[in-house]
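Open the model in your viewer and keep the selection tool at hand. We will go from stop to stop.

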Amino acid sequence: MTDIYSNVQMIKERVDASAKKTGRELSDITIVAVSKTVGADAVAHAQEAGIRNFGENRVQEYLKKREVFKDTVNWHIIGPLQRNKVKYILDGVCLLHSLDRLSLAQEIQTQCEKNGTDISALVQLNIGREPTKSGIYEENLERFLEELSVMRRIRVCGLMAIPPMVQDADDNRPYFQKMRTLFEKFREAYPCMTYLSMGMSDDFEAAIEEGSNVVRIGTAVFGARSN
Ligand SMILES: *Cc1c(COP(=O)(O)O)cnc(C)c1O
């Protein structure tokens, strides 16, 4: 049985230690507990342990959990989003981490206009240039941000990436550094960009040391997923 409470305490300590290496602290880092595949009871345990942000990668599952927890937590969509699912995330989602293509942005803009709402989103980069991964290539970021800037319903709040799978978290530092450089560069033109979402269970300390301020942590909070 996974002890979610002590997992969360341990993660908070490690996040704080990594943040302090860069002159920051725990409160400067948003911990998103990735609750995909876990049940509502586990989410409740994490909430009791002080987690306020939860990440889901499937809309269906998000809607189910949202039904239970409503607005008592902040919901993050972190997985690839199909255009026909956009209408389900207009009202209850705090941050979309996976804005990765123009056609999706256009659908979000259209649906938000209809709904009279707007949305906060991060642009997802395919920083490791992996054919199997979604996200835009860095050389297309400038143009994508320009295209997004006329979509008034979409607030671009920063960048997100999932670097390649590696044996050693340190191997991802060059990718984290690239992301940090892009983030700093485009933040000058787009001051709304405040979040750099990178770092998962196996590499969140390296990510924070390289400048991440949002980490998405599943396994280390809830234990290994069965699927
Ligand atoms: C599943 C997932 C995570 C969490 O992964 P862990 O290794 O379990 O921490 C983070 N980000 C995204 C986009 C995910 O799909």
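Select Thr219 and the ligand: a polar side-chain atom of Thr219 lies 2.5 Å from a ligand oxygen atom. That is a polar contact, a pair of N or O atoms within 3.5 Å. This is a predicted model, where local features need pLDDT of at least 70, side-chain atom pairs count only at pLDDT 80 or more, and totals for chains, interfaces and linings use all residues. Residues are numbered from 1 along each chain as its sequence is written, and side-chain values use heavy atoms, leaving out hydrogens and water.

Next, show what surrounds the ligand (a heavy atom within 4 Å). Among the residues there are Val34, Ile78, Met160, Ser201 and Gly218. The shell divides into six nonpolar, three polar and three charged residues. Here Ala, Val, Leu, Ile, Met, Phe, Trp, Tyr, Cys and Pro count as nonpolar, Asp, Glu, Lys and Arg as charged, and the others, Gly among them, as polar.

Last stop: aromatic rings. The whole structure has three aromatic pairs (ring centres within 6.5 Å). Select Phe54 and Trp75. Their centres are 6.1 Å apart, with 45° between the planes. This pair is tilted; under 30 degrees counts as stacked, over 60 as edge-to-face and the rest as tilted.

Notes:
A polar contact is a pair of N or O atoms within 3.5 Å; within protein, one must be able to donate a hydrogen and the other to accept it, and residues adjacent in sequence count only if both atoms are side-chain atoms. Rings of Phe, Tyr and Trp (its six-membered ring) pair if their centres lie within 6.5 Å; planes under 30 degrees apart count as stacked, over 60 as edge-to-face and the rest as tilted.
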